[in-house]
Amino acid sequence: MLNVKAGFYSNDEIAEECMEYIEEEYPEVESHISESKLQEIVKGYRDEYANTGKQENYLKLDSAFQKLYKQGIVALHCAGYVQSDGFDDCNEIATDMDENGETVIGCCFYTLQDLEHVLNEDTTSLRISFGNYFDKPTAVEIGKMIVKELEAAGFVTEWNQSADEKIAIQDMKWDKVYEANGYALLQQFTETGTGDFIVENGVLKKYTGSDETVVIPEGITEIGPFAFKDCISLVNITIPDSVNTIKYSAFSGCTSLSGVVLPDRVTEIDSFTFCNCTSLASVSLPKGLSKIGVGAFMHCVSLTDVTIPEHVETICSAAFNSCKKLTGITVPDGVKSLDGTIFNGCTALTKLILPTSKYQISGIFVLSMDSKTVLFCIPGLATGDIAIPDGTTVIANNAFVSCKNLTSIHIPDSVKTIGNGAFFGCKGLMSLTLPAKVRKIDESAFQRCTSLTDMVIPDGVRKINKWTFCHCASLKSVTIPDGVRKIDKKAFEDCDLTKLTICATVGSYAETYAMENKLSFSAI
């Protein structure tokens with residue numbers, strides 16, 4: 001119902017998300033639910049709850065966001081579920097823009113959670129998060145730019161001009177209408193074109209048709225951002241040899257696209273190019289390809305096989321995230337680095353061939369050459385109880401991201417550092433014992449570990465970073481040593497704070513933190 005009311009997703013996308021949730025959380029009932037029945041249910045919700053009309057408020061908001069984009073502020077609608085998701089999405093797009101020579105100074109967005117509060121009538125204010133990418137302009141200055149455009153669009157805002165507080169759009173009545181071929185922000189098309197193609201100076205800006213088979217005209221050199229986004233009727237696409245550049249999200253959301261052959265002149269697959277192409281079963285990559293961008297094939301759940309050309313040097317984060325039918329892949333020798341997000345959610349992936357000069361594979365683990373760093377694990381093998389190899393000193397960023405089937409992890413006494421997002425989304429972990437030698441726990445280390453009930457922070461840790469325990473819904477107690485001198489105010493964001501107890505010594509910094517944040521405190 002939330003996704004229907006939000007107005008961003010098709011019936012197929014909503015049904016697929018529901019089915020994925022059932023598969024992950026309630027596998028025992030999966031066999032009793034047919035895809036056709038689920039789609040019928042979603043259609044019923046669409047008929048009853050979907051917005052209709054002129055969507056005046058949404059179009060005003062979208063207009064303000066587009067104007068902010070022109071000023072170098074990445075502005076995203078419905079960016080993930082929680083705030084950290086939104087910043088991740090903005091950062092990825094900002095990085096891509098910067099690499100392409102485009103001006104980028106800051107970002108703003110609202111999340112599905114922010115929208116949920118409005119749709120459920122918990123509040124009438126839609127809260128906008130924001131940030132800056134350089135010292136100048138400051139975050140506050142970015143905030144002022146955002147408020148100016150929102151108020152120019154006709155909204156009433158509330159904000160205390162603090163970089164730590166969200167901007168609230170008052171009295172927001174959500175009225176977005178889902179449009180199958182609608183295109184989102186970051187675009188303004190004032191150009192003219194012929195037929196179903198809007199073209200300017202050899203750049204295909206937008207395809208406006210609804211054909212199953214599309215042949216892009218010869219002479220096109222670039223397919224622009226979002227050019228075919230959400231063209232759900234598109235099944236087959238012919239891309240001419242003249243094309244050398246395909247920009248970010250060009251084919252994202254083309255849920256019927258079954259296969260694609262990329263021209264040899266294309267050297268880079270940009271960020272989110274084929275994201276959510278759920279029917280994409282095969283893709284032919286050009287031999288001269290050097291880079292696969294952030295989330296390029298994210299959620300291509302039908303992709304069974306892909307050959308990465310030998311000239312590829314860069315595979316960015318989340319490139320093959322949630323390609324659930326991908327069983328094996330070979331990474332060429334030229335690839336400079338890998339992280340755990342690249343194959344996150346590839347639950348069928350059991351065979352991974354890596355350059356032997358850069359990586360070691362030990363069971364389910366991919367290790368650095370000196371065996372001291374666990375870089376990530378092979379998703380299809382990450383189930384049940386596991387033990388990290390003795391001698392490991394670092395658990396790298398995103399090493400076990402979204403390994404939902406892990407129930408227990410033994411961490412050896414040698415570990416000193418736990419990286420950013422190391423156990424992000426490990427929903428099956430109920431408890432975890434950290435070794436005494438651990439000195440550093442980075443941001444989001446245990447974010448979305450929704451079954452985690454308790455945690456003891458080792459004595460050597462001095463800081464609990466932001467989002468460390470974000471969205472740990474079952475967390476009941478955290479024992480914090482006297483050596484901790486700072487706890488970020490977002491360390492426990494989206495936890496159930498009514499059930500959380502901080503355990504520490506009387507007079508410690510942790511006790512002060514608990515009192516200031518109205519958390520339950522237990523003396524040890």
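Buried means under 20% relative accessible area, exposed over 50%, and partly exposed in between, with a 1.4 Å probe and protein chains only. This is a predicted model, in which local features need pLDDT of at least 70, side-chain atom pairs count only at pLDDT 80 or more, and totals for chains, interfaces and linings use all residues. Residues are numbered from 1 along each chain as its sequence is written, and side-chain values use heavy atoms, with hydrogens and water left out.

View 1. His-471 sits in the loop between β28 (463-464) and β29 (477-479); helices (H or I, at least four residues) and strands (E, at least two) are DSSP runs, numbered from the N terminus. Arg-448 lies in the loop between β26 (440-441) and β27 (454-456). Most residues other than glycine have a negative phi.

**View 2. Phe-492 and its neighbours.** Look for Phe-492 in the loop between β30 (486-487) and β31 (501-504). With 4% relative accessibility, Phe-492 counts as buried. Leaving aside residues up to four places away in sequence, Phe-492 touches (heavy atoms within 4.5 Å) Phe-469, Leu-475, Val-478, Ile-487, Leu-497, Leu-500, Ile-502 and Tyr-513.

**View 3. Ile-216 and its neighbours.** The loop between β8 (213-215) and β9 (222-223) holds Ile-216. Its relative accessibility is 2%, so Ile-216 counts as buried. Among the residues that Ile-216 touches, not counting those up to four places away in sequence, are Phe-197, Leu-204, Phe-228 and Pro-240.

**View 4. The packing of helices α2 and α3.** Helix α2 (residues 11-25) packs on helix α3 (residues 35-49) at about 125°, and the axes are 9 Å apart. Axes are lines fitted to C-alpha atoms, for helices over the stretch in contact, and angles run from 0 to 180 degrees between N-to-C directions. From α2, the contact includes Ile-14, Cys-18 and Met-19; from α3, it includes Leu-38, Val-42 and Arg-46.

**View 5. A cis peptide bond at Pro-137.** Lys-136 and Pro-137 are joined by a cis peptide bond with omega of about -5°. Pro-137 is placed in the loop between β3 (126-132) and α7 (139-152).

View 6. Over residues 181-194, the pLDDT is below 50. Where pLDDT is low, the predicted coordinates should not be read in detail.

Technical notes
pLDDT is the predictor's confidence in each residue, from 0 to 100.
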